[in-house]
Amino acid sequence: MRFSELGLRAAILDAVDALGYVEPTPIQSQAIPLILEGRDIVGSAQTGTGKTAAFSLPILSRLGPHGPGPRCLVLEPTRELAQQTYDNFLKFGKYTQMRVGLIYGGVGYGPQREQLARGVDVVVATPGRLLDHLAQGTLKLDRAKFVVLDEADRMLDMGFLPDVRRILIKCPKVRQTLMFSATIPPALETLCAWALHEPVKVEVGARRSPAETIKHVLYPVALAQKQDLLLSLLEKVQWESVILFCRTKRSADEVVNVLKRAKHKAAVIHSDRSQKERQQALEGFKSGYYEVLVATDVAARGLDIADVSHVINYEVPEHAEDYVHRIGRTGRAQASGDAFTLMTAGDAPFVAAIERFINRKVDRVKLDGFPYQYTALFDEQRLGSLADRKTRGVRLGKGYFYGPARKR
Ligand code: ADP
Ligand code: MG
């Protein structure tokens, strides 16, 4: 399948060409013709499969010349994602006359008001700030012919569904609505039934499986040795750039300080950092200045960061779904990558939940030459349960680990 066979306008195909895309991804080749036909879509495909182009290319293709608007609204859960999608619209629309606006919170209203007053064809926005503009009358949605709910599962997680409904009520009833999400939990099915008109479901790949190219492994370790193991891993494994995930803002701050003390160039993003700090961290990481980006799940969700060689889960995610999202940061667009998860005894139930969710066992490995202290995890295989261990005594799980840390 080639982009030229999908029915997109020449100006859009030229932009795709200029970006060096050779062929459409599966979600793109399925969704683009349907969107061009005017159908509502529920698109689900894992992170990094090119969902942004799947909706922005056909919309740009159908918007025609610049006109009163906005005629297209794209809702995103986070500022970073809004920025990213906005950048995509600019790139894909560079041979069109489309004007694109970007609306998110945490920054002044002035420039956004001016941008809206000048007239935009497409608005990419986070829900909260968009509602502010609607309330202030600086924006109207009565010409919105296309509405995109992107990363809808994350909007649900972040509690944005009531805001999304409020916004949808302000849009014309006759419109084309597209929803994209990595997963479609029941609450989103309900939203679909209400907001979409006879949607076509486009589902690509098993929703739950992480990208095939990713090699992922668990490193069991005693809690007290976690920081040491992390630093040793960074020393011994060949890597170019790492995203490191923490569960909480506090531990993210702690880890970034540990890394900085060990002379790693590291930055952190989470929701307590200002928009400016987050942007600076993200841009520094993308440009290669920072080699490690420490992030919480919410802050990192969906960020399009190319060429991450490794994902490290410094803390096992609490929700099994987040594991798939996290390791989706690597192995994007067919590049291979590695994902490491540090696991302590308390994480065992969460790891079990992840393994059930992705329907496979993740290999446990040991870092060669690391002075491991004993942890109950080392007995896991030999001594199935705690009760067993009491009767059989403490053993250091000989032969339990296999394979050295993979070197690249
Ligand atoms: P998703 O929203 O599904 O997580 P994105 O839309 O952010 O994925 O795209 C992920 C990455 O893949 C981006 O860097 C994008 O430029 C790239 N990409 C998208 N479509 C193609 C394609 N057809 N060929 C090559 N790269 C692509
Ligand atoms: Mg996306």
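Two strands count as paired if DSSP finds at least two bridges between them. Strands (E, at least two residues) and helices (H or I, at least four) are DSSP runs, numbered from the N terminus.

This is a predicted model, in which local features need pLDDT of at least 70 and side-chain atom pairs count only at pLDDT 80 or more, while totals for chains, interfaces and linings use all residues. Residues are numbered from 1 along each chain as its sequence is written, chains are lettered from A and ligands numbered from 1 in the order in which they are written, and side-chain values use heavy atoms, with hydrogens and water left out.

**First sheet**

Start with Ile-41, which stands opposite Leu-178 in strand 6. Then show the whole open sheet, seven strands in the order 3-4-2-5-6-1-7 with parallel pairing. Its edges are strand 3 (100-103) and strand 7 (200-203); each has a single partner strand, so one side of each is left without a neighbour in the sheet. On average, neighbouring strands of this sheet are turned by 15° against each other, direction ignored.

Next select residues 110-118. This is helix 5, which lies across strand 3 and strand 4 (122-125) and runs at about 155° to strand 3. Axes here are lines fitted to C-alpha atoms, for helices over the stretch in contact (heavy atoms within 4.5 Å), and angles run from 0 to 180 degrees between N-to-C directions.

**Ligand 1**

Select ligand 1 and the 15 residues around it (a heavy atom within 4 Å). Tyr-21, Gln-28, Gly-48, Lys-51 and Thr-52 come nearest. Nitrogen atoms of the ligand lie 2.8 Å from a polar side-chain atom of Gln-28 and 2.9 Å from a polar backbone atom of Glu-23. At Thr-49, a polar backbone atom is 3.2 Å from an oxygen atom of ligand 1.

Move to His-310, opposite Asp-338 in strand 13. Four bridges join strand 12 (310-313) to strand 13 (338-343), and the two run parallel. The open sheet has seven strands in the order 10-11-9-12-13-8-14, with parallel pairing. Strand 10 (266-269) and strand 14 (363-364) are at the edges with a single partner strand each, so one side of each lacks a neighbour in the sheet. Helix 10 (226-236) packs on this sheet, touching strands 8, 9, 12 and 13.

**Confidence**

Finally, colour by pLDDT, the predictor's confidence in each residue, from 0 to 100. The protein's mean is 85, but residues 382-408 stay under 50.

How values were computed:
Polar contact = N/O pair within 3.5 Å; in protein donor to acceptor, adjacent residues only side chain to side chain.
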